[in-house]
Amino acid sequence: MIENKKAHKFGMVIDLDKCTGCGACMVSCMAENNVPFKEDESNKKDSITWMRVYRLTNGKSFPETQIAYIPRPCQHCGGIGDHGHSPCVSVCPATATDYGYDTGIVSQIYTRCFGCRYCMGACPYHARYFNWWDPKWPEGMENYLSPNVSPRMRGVVEKCSFCYHRYQLAREQAIVEDREIEEMEYQTACTTACPAGAIVFGDLNNPAHKVHQIVKPDPHPDPLNHKVVGKSRNPKVFRLLERLGTNTKVYYMSDREWVRKAGDNYLKGEWENVKTHHGASSSHG
Amino acid sequence: MDDALIPEGAKRCGFPTFMIGIVIVGAVLLWGVYAMFLCWFKGLNQTNMNDYYGFALWIWADLAVIAVGGGAFFTGLLKYIFKVDELKNIINFAVIIGFICYSSALLILAIDIGQPLRGWFIFWHANVHSMLTEVAFCLSCYFAVLTIEFIPNILENRQANKVPFFHHLAHNMHGVMAVFAATGAFLSFFHQGSLGGVAGVMFGRPFAYREGLLIWPWTFFLFTWSAAAFGPCFTLLVTKITEIITGKKLVGDKTVHLLAKISGWMITTYIIAKIIDTIYWAWVTVPSMGFKLSHFYSNNGFYGYWILITEVILCGVVPGLLLINKSTRENPATRTIAIILGVIGVCLNRWVMVLQIMAVPVMSFDTWALYIPSWQEVATTILPVAYGIILIAVAYRYLPVFPQELELNKSADAAAQN
Amino acid sequence: MKIDRRSFLGLGLGAAAGIALSPVGVKLTDDSSIWTQNWPWTPVPEDGEITYDRSVCSLCPGACGISVRKINGRPVKIEGLDDYPINNGGACLHGISGLQYLYDPARIKTPLKKTGNKFEKISWDEAIALVAQTLGKIRESGTPESLGLITGADSGSMAQLFARFMDAFGSPNTYTMPSLESNLALTAAALHGADRRLGFDLDHSDFILSFGAALIEGWGAPVACIQANASRCERKAKLVQVDYRLSNTANTADKIIAVKPGTEADLALGLCAVLLTKAQISTGRLFGDVNKFAFATMVVKEYTPAKVEAITGVKAADIEALAMEFIKAKAPVAVPGKGRGDVGQSLREFAAVQTLNALAGRLNKEGGVFVMGPADYLNFPENVMDEVAEKGAGKDQLAGSVNELVDTLEKNGGLSALFIYNANPCYVLSNPEKVKAAMDKVGFKVSFSSFMDETALRSDVILPASIFLERLEDVVSGAGLAKTVVGLCRPMVKPVFDTKHPGDALILLAQAMGHSIAQSFAWESYDSCLGEVAEKIWENLSGDGYVVIDDRPPAGTPATDFSFLASGPKAAEVMGEGDYTLVPVDKMRLAGGSMASSPFAVKTVSDKVISGKYSVVEINPATAGALKDGDVAVLKTAMGTAKVKIGFNEGIMPGVIGMPRGLGHAFNNPYVAGKGVNVNDLIGPVIEPGSGLDAAFGVKATLSKA
Ligand SMILES: Nc1nc2c(c(=O)[nH]1)N[C@H]1C(S)=C(S)[C@@H](COP(=O)(O)OP(=O)(O)OC[C@H]3O[C@@H](n4cnc5c(=O)[nH]c(N)nc54)[C@H](O)[C@@H]3O)O[C@H]1N2
Ligand SMILES: Nc1nc2c(c(=O)[nH]1)N[C@H]1C(S)=C(S)[C@@H](COP(=O)(O)OP(=O)(O)OC[C@H]3O[C@@H](n4cnc5c(=O)[nH]c(N)nc54)[C@H](O)[C@@H]3O)O[C@H]1N2
Ligand code: SF4
Ligand code: SF4
Ligand code: SF4
Ligand code: SF4
Ligand code: SF4
Ligand SMILES: [Mo]
């Protein structure tokens, strides 16, 4: 697909100082996207949660302990240089997961996926989930399933779609009315659910959108690591494993230094140098 | 009872003895088949794989059999392209082992995928960027080549060969085998490489990721090289085992020494490349992503530096040196040790490149994941071994696999007749 | 024709080639893959027109506005309602999972009657007749007071309808399950007079001193509190959390004051003492003169910083500094009710915290505590009471609280029939075994439950209630919120099973009983009753979906009666012996009270909370002894023993064991029940004199490797 001027780049920024770990985003996502559930979901390694909230601590003892919750949807990686070769998309042999150059959304076509799980191995965020079992609902409960997202069959991979169907609904409306999609018209189910207002969603390419204003993405490649594009110029904002060059579209924000540091891996001493570096443009004023 | 099928002049055990062996191994095979059907009909929940371990035991087995099956393409390459004529004495067997390895690999893939009936999407909706697409295409094509390489040997069966059409077909196929060997070598080069690429391109997984040449990460070349290096070890090992079981010498020492020597030099050069790759990766690639080497070998209950040392030194450098040194190469005991170490080494390499990758945490707040396979996985992983044993037993019994067999066992037969 | 080998082979090869080249193979391959995309056992949701409908969630006291997305009238998703005055578009995970309650496997699908040990399906007519007949006999025997009622909430028309029934029947024996709301009402009654509610204006406070209140884990109106906390962060208003573990609330706090469990009241009184001495708050400034000097004298003498340090573990200097910081803030407020503020609470603690507010002059001030009157929007017609009713209703209550009722019943019995509405005492109260034994002493138990929970399982007749998504009802905010909003819960879908609105069930029952009771319930249906009794606000309520009754500080400063604290009530001692103190821990992702969690909610719970069949307990590694993270251990208290998994947590005070509340359910929903243990099984009630509250905030415990 051709990149055009009007291409969107949907993304989010999650304020980790606001996130309370309440789990509303996880459930909203499951309810929105017909995610099934099993009797025992305590093995988190086979529990399908498109949105998963990780809990980390600063490792200190009470009462100096601090917790941070990190909600982790699919990061909708743009891949090295943000060229659209996400870790998962580039490896899928059957093109069952694809990069939307005009939305930045990494899609998943369940009916095309044949379940090789290569994409899961390639994703460092564990954002992809395999349907090890047939989805099953207690008798009658399938009545609440939404037709906007088809229930998946056993043997295929699924993941967060940035609620693509919500985009489609908004886009259809916009097309009918011959106008652009408004910021608030397309919001993901996790964003709207968050009682703490920790998630902001919108078009990273659109300076009028809040997400753009918070993130201030740097259009130039990071001079320290040319794989990285779209680094935030906001000193409180970071991305997970940014150094790998996955170029994720989910940004995180925190006032707490230990939380920002936990977003990536650093060798001894590196953080001290890196923590003040926020994108190319900030270095030239 | 089945005398008419046994190659002319060859001595084989009695049919009942043969069948007892087949039934015992067949029972193991059926156990594997049962597990296979469980996986197909109930789904992959029959395994202990999970969302962290999307690739697990049998994918390791898959990569390992392909690696050790590399003896087929490499021996073929030497025999038909580089005209190392001495290898004619082992080429049939190398092809059979390759055939077993590759058919097993395809079978494992058919069990492994969550939607086996959609397996063909990999060809129909092929993504040219995916190493797995390359693997699938080359693997399937090469399997076809191996089948073609195997057919003349089958047609040389005493009864089949009586049919003039088959006789001529076999003869003519032998004539054009160089073309197939060349094709096979090319395809094999690519799929061995792309299997290495599968891991190497995962830039989200620092333990797997390698820089490289054009679109190919270094693991691409290392996998091809290691398959060529260690594949012959496996051919020699299986030959040795077959000799022990049949109680006969089947391949002449000259051939064995030659193949061992070639393998030795391939291993030695490979392991030098592997060491350079490891050092570059550990000192340059990994730190650029924020990791120290120790990250991959500590804070967990299994993966320590021992695995790196075992793979590279004990099962790489040591067999390489043992096989390039004439005296240790020609000493059956040290040669056998070297061959065994070599096979373990390449299997360990594939293990590391499949399972350790999945176990290593990447996000700073993630933890090591360890995994224990279910019996269904173990059974389906053993299934190809049982299948391989049966196919070798049948091939050995009914096909003229080893051209030197009669010659090498003349004196023994004579002694037996006295 | 003779088929020789060659022609046979030729034929075979030819056929194979033919089939391979024909479209059959391709077609079959394609069909088989299409079949995998249309497996008949994978549901295909029906498509249709999308509409949105609005209602109110009543799963918890939060009373959030919700928006229900429907496809051809079929509800598919619940979300928070934008611009609703309580939750402003937000919703919690339990509310969002609402549709899972609709189709819950544990739902009661028809009226049931217990015969022997088994439930038998009966019709509504039979069920109503059976209950009416049994109750009729009780009335005839002249002991109407032996009918009891245990109910969850005591606000709104349904609460009043039940109260009305009890009155008309002639029984004073109505008991409310402990809730934050009821504890606050009790506090207000002790300090400011009867029939008051307390609301905490967190939205406008610049200094919140929380005595363990789990403000973002379900205290009060959960979504409203989470939003208040988020706005607090934005406003840079301070939160100081008094706690013994790093709850999520403590984690967002600016400062944590680590106290020994159960000593929060002492700290509050210590702060009062500092205010009276250091901050020169003259007793003259205290409103209301009941025992204020006695209180001041007592508190200044008994709660010196040094003494309080010895009790709570908080340094004397820190106590003084905290008191001064509190009084110097522009709009400070102290918040009582550790955890969700419902069970295991003491009046002493609530009163001490509220007294701190009173001393600091924070009553009826913006950003302080509102002492509000009842939400007066309902006008029920005069109840028709016959002689039996007058006599029975005039009798004394059997007990002062639901906890005391359990005690009395277990020891002596005393009720011949019991209604249970909106309550699951056999799970929620401490020592549920004793509650069950008490229930067994009651001859005839009628449950109005929607789910076959622990209490419904022990009932004799069940009149299954439609859930909130299937019924009309007024839902009043409360639970510590500093405003009063009445919302209208509307049926989003026709009852899925053969259930009724509990209001309708009650009306049918009253009418079946005839006489004065029938006259008191002369409505056609609950819906018409509501329209009539809520007439004052009905137009706005049905039009906008809600009515804000008030959201401003009430005028004037209420008087405070210091008698209760001046009498020097003693702190509740926890039961038993052991090196550890076991305390229940409230988690936002687990419902703890009468409402059980949904499958979705349970799915989100960490493996550090539920691990397979085990509850995971939090323990500081420093006091874990030989136990290691992930070990299975035996936890023993005076009440019982449980196998649990050990979960190391640096964020809990050494010597304290935190156990998640809301697990160990025992009913037929495999996604929710059968996981872990009910922490209440391990805790014995410690009834506080003077309030009747179960003040057991925890229990002494031992841990050993299993
Ligand atoms: N095996 C299998 N294959 C299938 C299907 C199946 O069920 N099974 N389904 C088929 C069906 S029904 C469909 S529709 C296709 C969908 O297949 P595609 O259309 O290929 O895939 P999508 O990811 O849905 O959308 C394509 C791209 O459109 C982009 N896009 C979104 N909005 C706009 C826009 O306004 N302008 C432009 N230019 N681009 C936009 C998205 O970002 C995305 O990258 O797949 C088909 N393929
Ligand atoms: N998340 C996400 N949502 C999407 C899209 C996306 O890319 N991502 N794509 C959108 C697009 S382009 C489309 S076209 C829609 C497709 O949305 P759906 O129409 O839901 O498409 P499928 O997933 O292909 O599922 C179609 C369903 O129809 C059933 N079915 C198949 N054949 C028949 C039949 O003959 N009769 C009946 N009664 N049922 C049958 C199957 O059981 C299958 O579950 O999804 C839209 N929604
Ligand atoms: S987070 Fe994982 S699944 Fe999502 S785009 Fe990135 S690599 Fe793919
Ligand atoms: S599992 Fe599905 S989406 Fe993932 S790589 Fe394989 S075919 Fe593609
Ligand atoms: S964006 Fe949508 S699909 Fe992704 S996590 Fe949020 S709710 Fe789920
Ligand atoms: S809903 Fe919001 S506050 Fe709750 S866990 Fe998700 S991001 Fe955090
Ligand atoms: S907080 Fe209570 S009322 Fe609000 S959505 Fe959650 S359960 Fe419903
Ligand atoms: Mo489509």
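A residue counts as near a molecule if one of its heavy atoms lies within 4 Å of it.

Before going on, a word about the model and its labels. The model is predicted, with local features needing pLDDT of at least 70 and side-chain atom pairs counting only at pLDDT 80 or more, while totals for chains, interfaces and linings use all residues. Residues are numbered from 1 along each chain as its sequence is written, chains are lettered from A and ligands numbered from 1 in the order in which they are written, and side-chain values use heavy atoms, with hydrogens and water left out.

Around ligand 2 you will find A:N148, A:S150, A:Q168, C:N38 and C:V44. By class, that makes one nonpolar, four polar and no charged residues. Several polar contacts (pairs of N or O atoms within 3.5 Å; within protein, one must be able to donate a hydrogen and the other to accept it, and residues adjacent in sequence count only if both atoms are side-chain atoms) can be picked out here. From chain A, a polar side-chain atom of A:S150 lies 2.6 Å from an oxygen atom of ligand 2, and a backbone N or O atom of A:N148 is 3.4 Å from a nitrogen atom of the ligand. From chain C, an N or O atom in the side chain of C:N38 sits 3.3 Å from a nitrogen atom of ligand 2. On its own, ligand 2 has 900 Å² of accessible area (Shrake-Rupley method, 1.4 Å probe), of which the protein covers 40%.

Now step back to the interface of these two chains. In it, 65 residues of chain C are in contact (heavy atoms within 4.5 Å) with 63 residues of chain A. The size of an interface is often given as the accessible area lost when the parts come together. For chain C and chain A the buried area (the accessible area, with a 1.4 Å probe, that two parts lose on being put together, summed over both) is about 5200 Å², and carbon and sulfur atoms give 60% of it. Five salt bridges (a side-chain nitrogen of Lys or Arg within 4 Å of a carboxyl oxygen of Asp or Glu) cross this interface. One of them joins C:E234 to A:K18, with the closest N and O atoms 2.6 Å apart. The side of chain C that touches chain A is made up of 33 nonpolar, 17 polar and 15 charged residues.

Chain C meets chain B as well. That contact takes seven residues from chain B and 10 residues from chain C, and the area buried is about 740 Å². B:L117, B:R118 and B:W120 supply 56% of what chain B buries there, more than any other three residues. Between these chains the count is zero salt bridges and two residue pairs in polar contact, both residues at pLDDT 80 or more.

Notes
Ala, Val, Leu, Ile, Met, Phe, Trp, Tyr, Cys and Pro count as nonpolar, Asp, Glu, Lys and Arg as charged, and the others, Gly among them, as polar.
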